[in-house]
Structures are given as C-alpha cells and as structure tokens.
Amino acid sequence: MWNPGKMKKNKRYVTTMARWCLISLPLFTACRTPQNAVVSTTKTLAAEELFFDALCQNAFQYQTLSAKLQIGLVTADGKEYNVRANMKIRKDEQIQISVQPFLGIEMFRIELKPDSFRVTDRMNKRYMADDYTHLKGDNSFDFNFYNLQALITNQLFLPGETELPVRTFNRFHWAPAGQGYLMQTEDSTGWCYLFRANIDEKIHAVEISDTTKRLSLFWDYADFKPVGHQVFPMNIHARVVSGDSIPADFSMTYTNLETDMPLEFRSGIPSGYQRISVAQLIKSFEKP
C-alpha cells in the first residue's frame, strides 16, 4: 500500500546520503602521522618485506564484482537512516551504485569512472555529470578513482596511482602493531594514509587525515567471510571527523556478493531530465 509518510522519509534519506557522498569525496585524501609510527630498521626489514609480499599476493582478486548493500548513516544531529542499494564494479573501468530505498525502485544512481562521474536523481528528474576537478575545487589532493576502488574492495593502494606495483615496499613507513603492522605513506600534498594489516595478511583499517585541517576519515573492515576461495570483509564502518565533531558516521554491509560474473551497466539519461552542476545539487540539499 502506498505510504506517503514513508516515501517522504526515504526521500530525505536519499538526499542526505547524496549530500554526504558529494561533500565527503574530497575527504578520501587526508592523513596524520601516528605517534607510534617509526621507520623500519635493518633487523626487521626482511620480515616486513615478506609480510608486504604476502599482503599483496593475498589481496582480493576480481574482474567484476556485484553485491547488494545495506547502507546506514548517522548525521551530525543524531538522525539515523537506512537504505538498500545495489553496487556493480568492473575493475578499473566503472563503479555504479543504485540506491533503491522503496520496493526496489531506483531513486538515485551514482556512476564513477576513472576520469568522470555522473549522478542521476530520478525523484526530481535531474542529473549531474562532470569530472573530478570540480569536486576538488581549491583542495589539491592525489586520491583518485582507483584509490576509491581499492578502498571499497579491501586493497592496499598508493595515493594518486592507478595500481599498486609489486615492488613498492619502500614507499611505506612501517611500525609493529599488535599481531600485524602499521604502514604509512603520504601523497604529494601532505595528506597521510595509514593502513593497519593483521597477521591474517588483510587490511583491517585505513585512516586518511590532515592535521592542519583537523580532518580525518576512519575506514574499518569487519566480518571477514569466504567468497569463493577468497576472504572478504562483509562490513565497512566509516566516519568523518572534523575537529571535535563527527559530521557523518557511515556503515555498509555487503550481501549476495559475487565476482567475475557478466554485468550489465544501465546508462543513459532519460529525456526531459535537467542537467545541473555540483554546486546546484549541494545547494538544493541544504534547503530546509
């Protein structure tokens, strides 16, 4: 039965999610140096390099990936939202997220490619298409499509690079941490990227931050389960920290995850849709 109250709540959630995604995309390029991070000594170099090789060899492998998602969001004012979505990835080519909060009907679609992105708002019959330079604005950083792809799929990455070459051990500073290691690197603008890998040779947490801006993204992986002959974290918890506040607390749970299956990407803009800019879309979400 049609429920206008529920529909209105779902619409508020979708617009809130869209606003958060647009505003927080630049946050995927931050870093601060942890107090306990140290440069490796020659005595531990061999063990660390062996661990690094194993970490790269055991990285999650796929050419295509599809999954159903349960996405949760807690905003700075304490409001909680939950929505269902579908995600498709064709490695190094495209990421597509279809938000379907109401009876499987697509209301919002995000399409990311290496050089551009597009957001389709079916509720308001409008769309936005642009390249990433306009999202960055005056904020210069190295984080790119390939880094985001790696972050979503539990992969180690180097900021600004399109792939992780086999011999990149010396690009990271190392420090022991419990039953694993902390690995730290920086991009060309000074943002810091800190990865925590455990003895299971999997990335368990990523922190991207900039102390000068007091801005950080914390990204944690949990609930590792078998997917075919591999292991994948079925739950992601992320939070954006700005100074002493948390503008957004975000969770994503994977279900029905499949790899290397034929995928069809719906594309194209329906006739009659209005094209708007990034600034126009964000401004519309800021209206009370």
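Helix 4 has as its buried residues Phe145, Asn147, Leu148, Gln149, Ala150, Leu151 and Ile152. Buried here means under 20% relative accessible area, exposed means over 50%, and partly exposed lies in between, with a 1.4 Å probe and protein chains only. Because 7 of the 8 residues of this helix, residues 145-152, are buried, helix 4 is largely enclosed by the rest of the structure.

Colleagues, this is a predicted model, in which local features need pLDDT of at least 70, side-chain atom pairs count only at pLDDT 80 or more, and totals for chains, interfaces and linings use all residues. Residues are numbered from 1 along each chain as its sequence is written, and side-chain values use heavy atoms, with hydrogens and water left out. Helices (H or I, at least four residues) and strands (E, at least two) are DSSP runs numbered from the N terminus.

Just after helix 4, asparagine 154 adopts a positive phi of about 65 degrees.

I turn now to salt bridges. The term denotes a side-chain nitrogen of Lys or Arg within 4 Å of a carboxyl oxygen of Asp or Glu; the count by this rule is 10. Glutamate 106 pairs with arginine 109 at 3.0 Å, N to O, and both residues are buried. Glutamate 106 also meets arginine 266 in a salt bridge, at 3.4 Å, N to O. This pair links distant parts of the chain, 160 residues apart. Arginine 266 is partly exposed, with a relative accessible area of 42%.

Which residues on the other pair, arginine 214 and aspartate 244, come together, and how close are their N and O atoms? Arginine 214 and aspartate 244 form a salt bridge, their closest N and O atoms 3.0 Å apart.
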